[in-house]
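The following note collects numbered remarks for a colleague examining the coordinates.

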Amino acid sequence: MTSEAPIARPPTAKSLTIGAVCKSLEREFPDISISKIRYLEDQKLLAPRRTRGGYRLYSPDDVQRLRTILRLQRDEFLPLRVIRQELASGAFDTERRPAGEVGQKRRAMTVDSQVQTMSSEELIEQAGVSQEFLRELAEFGVVQPERRDGRTSFDETDLEIVRAAAELARHGVAGRNLRVFRSSADREAALLEQLLGASLRSRSQARRREAVENLENLAAVCGHLKQLLLVRDLRRLKGADD
């Protein structure tokens, strides 16, 4: 007996065709077009569901993802490689944070961005932590300030690190426990240096630019893989208690 082909699920009321998506976004993004949406799909930034006839159907999450991509292109002039990195790392919070803070976080996460520097007093004020807490993080190598003109200098990446550490501290994670993250980052950086170090030191500007792009993409994949491995282990831990 021959088996019947699976029947495609009927589109839900909230699913939109590519034409309907384009129409719904054209007021906010006047230059939106069907071909642009298809291009973003070709670049693996979108993955709408397909009907058996091959028509694209965009869920509300797909539309929100597209809106975020378009905003990042228009408002922050981010290239697709950086947007891809952010989507892979889960940095999907443009609706929740002030525009300046969002831009700061993106600069902190991007390898070749020019980040702003700040004093320890400015960092402490923006992160909402104590001098003792910052000193502890520096002692264990979680933050690594530079000395400039006789003064200790931090940057936006340090600020985001301190904010993350402060969130963990609220759950009882001490500074010394963060050394495991420092060691893990060191090992990942050493691996990527083996893969791309020669290209990053190349005399060819084009080759260096390509190496930086590859470095960012690989860093995003490493971060995504690490998150997946952690989720897998935590799922097993949860299962052990059931």
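Predicted model: local features only at pLDDT ≥ 70, side-chain atom pairs only at ≥ 80, totals over all residues.

1. As background, an α-helix has 3.6 residues a turn, so residues three or four places apart point the same way.

2. Helix α6 covers residues 120-127, with S120, L123, I124 and A127 buried. The arc that they cover around the axis is only 100°, which puts them on the same side of α6. Against which elements do the buried residues of α6 pack? Their partners are β3 (117-118), α7 (131-139), β5 (151-155) and α8 (156-169).

3. Over the whole structure, a search finds 12 salt bridges. In general, side chains of opposite charge can pair when their charged atoms come close. One of the bridges joins E28 to R67, with the closest N and O atoms 3.2 Å apart. This pair links distant parts of the chain, since E28 sits in the loop between α1 (18-25) and α2 while R67 belongs to helix α3 (residues 60-76), 39 residues apart. E28 counts as partly exposed because its relative accessibility is 28%. A network of salt bridges links E28, R67 and R71.

4. R163 and E160 form a salt bridge in which the closest N and O atoms are 2.9 Å apart. How far along helix α8 are R163 and E160 separated? They are three residues apart in α8, so about one helical turn lies between them. E160 has 16% relative accessibility and therefore counts as buried.

5. The side chains of R201 and E193 also meet in a salt bridge, at 2.9 Å from N to O. Are the two partners buried or exposed? R201 is exposed, as its relative accessible area is 61%. E193, with a relative accessible area of 40%, is partly exposed.

6. Three strands form an open sheet, in the order β3-β5-β4, with antiparallel pairing. The edge strands are β3 and β4 (146-148), each of which pairs on one side only. Strands of a sheet pair through backbone hydrogen bonds, either parallel or antiparallel. Here β4 and β5 pair in the antiparallel sense over three bridges, and E146 stands opposite S153 in β5.

7. Helix α8 packs on this sheet and touches β3 and β5. The direction of α8 makes about 75° with that of β5. Both α8 and β5 are also among the elements against which the buried residues of α6 pack, and α8 is the helix that holds the pair R163 and E160.

How values were computed. Residues numbered from 1 in each chain as written. Heavy atoms only, no water. Buried < 20%, exposed > 50% of the residue type's maximum accessible area, 1.4 Å probe, protein only. Helix = DSSP H or I, 4+ residues; strand = E, 2+ residues; numbered from the N terminus. Arc of directions from axis to C-beta. Contact = heavy atoms within 4.5 Å. Salt bridge = Lys/Arg side-chain N within 4 Å of Asp/Glu carboxyl O. Pairing = 2+ DSSP bridges. Axes fitted to C-alpha atoms, helices over the stretch in contact; angles between N-to-C directions.
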